[in-house]
Amino acid sequence: MSGENEPLLEQEQSLEEEKGEKKRNVFCIIIFLVGVAGLSAAIIISYFLYFKYVIGLKVLALNVWGMPAKVGSEDKELRMQAIGKFIQKEEYDVYLLAELWMRPDHETIRKLVPEGYHMSQVGDFALSTCDGRALPSFCSGLAIVSRFPFIEKEFLEFSYHGSILNPDGEYWARKGAGRARVEPHPGFIVDFFVTHTHTSHLLVAELVGWVDSSNADFVVLGGDFNTDPKDNETSYHNLKEAMISSM
């Protein structure tokens, strides 16, 4: 009789092992699925948190070359029309414009600004003595076009203007920086600075001081700095130490 029972015991043991193996496999599959579900949930939550708290802004800084034709600017009227039509494409959220010296050119671009965008006025980023009708005397040539309404606008004049004896005409301009504050998202404040400097580390030092004094959540600076990263002149390097370069 004992010989007849031995195969049955071995068969029962084999069945128990198979059941145990199946349970382990099911348990592993459940753990795997729980892990996949947890990872997927984490990715989805991170995705929504990212787009909830991260705001993308597209910014273009452009020198419009707006000196009067009598001092060497070619095809200025055609260029201003083209710039206005380019802004109409709404490819950027903010446009930082330099060398927009003349009031008629400012008005040309302003008329072409698309609905929903906002443009600074001549007097926002210039002294009250700015001409801009016959000559760019005592003007800054700065303007900002923004998809977002302006909360604040301010003109900061450089204390150094060059020498009246220099033939470059820098003395007769009143360069500086225009600051416009916007709120692209509720509670999220950004200061945009637009500037046009000539090659002087004195101007950049003053500019960095203005940027550092901003209490906005983020600061964006753009413009024409008249310098090259490869130059020995220190303006670009001083700016890079104070801010993160987009180049």
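Predicted model: local features only at pLDDT ≥ 70, side-chain atom pairs only at ≥ 80, totals over all residues.
Residues are numbered from 1 along each chain as its sequence is written. Local features need pLDDT of at least 70 and side-chain atom pairs pLDDT 80 or more, while totals for chains, interfaces and linings use all residues, and side-chain values rest on heavy atoms, without hydrogens and water.

The structure holds one disulfide, a term that here means a pair of cysteine sulfur atoms within 2.5 Å. Its partners are Cys130 and Cys139, with 2.0 Å from S to S, and the link is right-handed, with 90° about the S-S bond. Cys130 counts as buried because its relative accessibility is 5%, and Cys139 is likewise buried, at 1%, where buried means under 20% relative accessible area with a 1.4 Å probe and protein chains only.

Both cysteines also belong to the lining of the largest cavity, together with residues including Trp101, His106, Phe125 and Leu142. A cavity is a set of points, on a 1 Å grid over the protein atoms alone, where a 1.4 Å probe fits but cannot get out, and lining residues have an atom within 4 Å of a point.

Key
Buried < 20%, exposed > 50% of the residue type's maximum accessible area, 1.4 Å probe, protein only. 1 Å grid on protein atoms, 1.4 Å probe; cavity = no way out; pocket = protein on both sides within 12 Å on 5 of 7 lines; lining within 4 Å.
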